[in-house]
Amino acid sequence: MDPDLVARARQGDEDAFEALTVAHHARLYRVAYGVLRDRHLAEDATQQAFLDIWRHLGSLDDPARFEGWSYRLLVHACYAEARRKPRWAPAGDIPEGRVPVAPDQYGRVIDRDLLERAFRHLSVEHRTVIVLRCLLDMPLEQVAETLAIPVGTVASRLNRAISALRAALQAEVRPVIPMPIHQGVSR
């Protein structure tokens, strides 16, 4: 991160802002996708975050805090996108029932698919703390600062998110046991 570039962008230097956008787009998009689990929504949220960054860059007092500040604006944009999007529902073409555990090359694909489906069941707030803490490896204090919530709330939300993810994973791999159908009713 180049504080001089941020300072120049704060003063209205469009070339400096463009350089910031190019330098930080992939990082912000990755977080947005992690939270929203949809590439179109993630791109919209990232674009909105950059608009907000441009509009409010003058309010950033310390250019060295740009990274955390940009995450905060991105998270707000992700929350706004999530409110506009209807709650995720599993696609109809995904077969229900027991998912085979494959020891071969397909096992990793199956595991990744299970994790993706389970992750989609989490609330956007839970996905956000998991992405910030686990994907970006942010300390709890930085997650709290990014989300503008107390550290204890972050710890609690992270604990609940991980528990919910475990439960969703267990629900995804639980076999569906067919109920016997009785042909006739005897009296």
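Predicted model: local features only at pLDDT ≥ 70, side-chain atom pairs only at ≥ 80, totals over all residues.
Residues are numbered from 1 along each chain as its sequence is written, and side-chain values use heavy atoms, with hydrogens and water left out. Local features need pLDDT of at least 70 and side-chain atom pairs count only at pLDDT 80 or more, while totals for chains, interfaces and linings use all residues.

**Overall make-up**

The protein chain contains 8 helices and 0 strands. Its elements run α-α-α-α-α-α-α-α from the N terminus on. Helices (H or I, at least four residues) and strands (E, at least two) are DSSP runs, numbered from the N terminus.

Of the 187 residues in the protein chain, 36% are buried. Buried stands for under 20% relative accessible area, exposed for over 50%, and partly exposed for what lies in between (1.4 Å probe, protein chains only). The chain exposes about 11,800 Å², and carbon and sulfur atoms supply 54% of that area. Accessible areas come from the Shrake-Rupley method with a 1.4 Å probe; for residues, only the protein chains shown count as cover.

A contact is defined as heavy atoms within 4.5 Å. Among contacts in the protein chain between residues at least 6 apart in sequence, 66% join residues at least 24 apart.

Helix α7 covers residues 140-147, and its buried residues are Val143, Ala144, Thr146 and Leu147. Viewed down the axis of α7, these buried residues fall within an arc of 165°, so they line one face of the helix. The arc is taken over the directions from the helix axis to the C-beta atoms.

Asp137 lies in the loop between α6 (124-135) and α7. Its phi is positive, about 60°, although Asp137 is not a glycine. Ala148 follows α7 and lies in the loop between α7 and α8 (151-173). Ala148 also is not a glycine, and its phi is positive at about 60°. Asp137 counts as exposed because its relative accessibility is 56%; Ala148 counts as exposed at 58%.

**Salt bridges**

The whole structure has 9 salt bridges. The term means a side-chain nitrogen of Lys or Arg within 4 Å of a carboxyl oxygen of Asp or Glu.

| Arg117 | Asp113 | 3.2 Å |

Asp113 and Arg117 both lie in helix α5 (residues 105-120), 4 residues apart, about one turn of the helix. Arg120 and Glu116 are likewise 4 residues apart in helix α5, and so are separated by about one helical turn. An α-helix has 3.6 residues a turn, so residues three or four places apart point the same way.

Asp113 counts as partly exposed at 34% relative accessibility, whereas Arg117, at 9%, counts as buried. Arg120 and Glu116 are both buried. Elsewhere, salt bridges that share partners join Asp4, Arg8 and Asp13 into one network.
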